[in-house]
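Please read the points below with the model open beside you, and check each one as you go.

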Amino acid sequence: MPPPECPAHAAVHAAAPASALADLFGPGHEADPKGFYERLRAEHGAVAPVRVAGDLPAWLLLGYRENLEVARTPSRFSRDSRHWGDWREGRVAPDSPLLPVVGWQPMCTFADGAEHERLRTALTESMDRVDRRGMRRHVTRFTNQLVEKFAADGHADLVTEFAEQLPMLVLTQLLGMPDEDGPRLVEASRDLMKGTETAISSNEYVIRTLENLVARKRAEPGQDLASWLLSHPSGLTGEEIVQHLRLVLLTGNETTTNLIANTLLTVLTDPRFRASLAGGQMTLPDAIEHVLWNEPPLAVIPGRWATGDTELAGRQIKAGDMLLLGLAAGNIDPAIRPEIGAPMYGNRSHLAFSGGPHECPGQDIGRAITDTGIDALLLRLPDLRPAVLETELRWTVSWVSRRLVSLPAEFTPRQGDSDTVETERGLLAPDFLARYMALPDRAEPADPAELSTTPAPPRAAVAEPGKRRFRPLSWWRSLWRGLRPGPPAPPR
Ligand code: HEM
């Protein structure tokens, strides 16, 4: 096998018919995405020719550095899909499954340069105004409401009854919608992403709801994303605001759902992981970064389009070629991860949020929903455990993501203790913590009545010498550690 940078080798692939290329829509990728990436890497190196949606050629970026190079160089690799040669020359069918994802729309995701800056600044500056503590309180409140629905049963599907519900409920709050809009929007966005026959009417429902929201906020502004976008000096039009709210709602929901599901799966099934989390050697936020390395919620990002003829990792890329950021493949690139099993706790230099000017602006919101939600869930149900073998779990794989279909779990049935976890970080109310810390060791069962009725002792009682020290449950210990600021992110 010639090395990938060999020009003769590159020429063979340039001349190969698209049908001879590995198919990102095919069964090989669906059955085992990571195996598929590794086979391509072994054959082609860091940049592999693939085909998508039938016979359309594209370059799949498998290298960590190549992903970053493309994401960070918009002058060579544009986000504007109108550069796409196959589309300009009429080779993309009007009903192509690619079009909903890559068809150009007047949104920041398809813009470069000054136009991107105008749209994105409105979004990021509005998102920066979100009160993080208030948001964590919403996450805790909604988690408790969701847990309330199944706590007495002793079992639940943590994907459908939790991970798929929580992000949308929180995002609707951030946008300024009433609570009652949340559940219907959860349904509509799931339907839309699944692409069922009702996807179009679900999309219309989402747009209509957002149009009504914008009209309401124009008349009566509040402390929410919709109102801040309306008043932002970038001067977005009404339609631009609706489109960007839809982008936040759908992108934020789908990715965060996936991250919650994958983190729960890891916490519940990987004994090494659970042991180090429970032993307090790491916090849940650290663990989330590990999950973002191994299961990024978006495995592939379509895409970037070459603005002119150029070269990448020895490949001759032609003007108009489509490039797909292989975030999952780049995260397991042996050039940066020679030992794939090594833990990546707390390391933020993965590709899960991409990089460059389009790097995810909602990443801290996604992380906060995930870690606060899982914290609160585990506090309510500390003996949560999987109800099926890991081999029985089902996944759906599309060309852009891999998603857990369900995560059946069981726990000791519980009732009516939802007032536990109101918080600064979404964890524990200080008075509750003080009360709890003043109690005897958990090894002696605490009287629940005492927990709910005894007034909180003064804080000094916690540290009073000679008193038996609180030995927190493993989860509590790691959560307590989580209150401290984490280590700085390593540089990329
Ligand atoms: C935790 C889960 C999340 C993951 C893994 C994730 C990942 C990503 C990725 C990979 C991109 C594409 C960047 C590119 O094209 O190179 C992106 C873009 C984006 N994400 Fe996220 N995201 C998450 C959560 C969120 C949330 C919660 C929000 C909103 C509150 C959000 C809003 C956006 C927006 C608006 C863009 C487009 C940015 C642009 O094109 O300039 N994301 N995200």
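Predicted model: local features only at pLDDT ≥ 70, side-chain atom pairs only at ≥ 80, totals over all residues.

**Notes on the sheet, the core and a buried helix**

1. Strand β4 pairs with strand β6 (residues 300-306) in the antiparallel sense over two bridges, and in β6 the bridge partner of F77 is A306. Strands here are DSSP runs of E with at least two residues, helices are DSSP runs of H or I with at least four residues, and both are numbered from the N terminus. Two strands are said to pair if DSSP finds at least two bridges between them.

2. Residues are numbered from 1 along each chain as its sequence is written.

3. The sheet to which these strands belong is open and has six strands in the order β1-β2-β3-β9-β6-β4, with mixed pairing. Its edge strands are β1 (22-23) and β4 (77-78), each of which pairs on one side only. Helix α3 (residues 33-44) packs on the sheet and touches β1, β2 (47-52), β3 (56-61) and β9 (322-326), and its direction makes about 125° with that of β2. Helix α4 (residues 64-71) also packs on the sheet, touching β2, β3, β4, β6 and β9, with its direction at about 125° to that of β9. Contact means that the C-beta atoms of two residues, placed from the backbone, lie within 7 Å; axes are lines fitted to C-alpha atoms, for helices over the stretch in contact, and angles run from 0 to 180 degrees between N-to-C directions.

4. Some backbone details deserve a careful look. The peptide bond from P302 to G303 is cis, with omega near -10°, and G303 is placed in strand β6. A53, in the loop between β2 and β3, has a positive phi of about 45° although it is not a glycine. A53 counts as partly exposed because it has 18 C-beta neighbours inside 10 Å; a residue is buried if 20 or more other C-beta atoms lie within 10 Å of its own, exposed if 12 or fewer, and partly exposed in between, with C-beta atoms placed from the backbone.

5. Which residues have the most contacts inside the largest nonpolar core? They are L60 and L324, in a core of 114 residues, where a nonpolar core is a set of buried Ala, Val, Leu, Ile, Met, Phe, Trp, Tyr and Cys residues joined through C-beta atoms within 7 Å. The largest share of this core, eleven residues, comes from helix α14 (residues 238-269). Domain 1 (1-104 + 299-348) and domain 2 (110-294 + 352-410) both give residues to the core, so it lies between them; the domain bounds come from an automatic or database domain assignment.

6. In helix α10 (residues 166-175), ten of the ten residues are buried, so the helix is largely enclosed by the rest of the structure. After α10 comes G176, whose phi is positive, near 100°, and which lies in the loop between α10 and α11 (181-194). G176 counts as buried because it has 21 C-beta neighbours inside 10 Å. Not counting residues up to four places away in sequence, G176 touches L213, K217, G222, D224, L225, A226 and S227.
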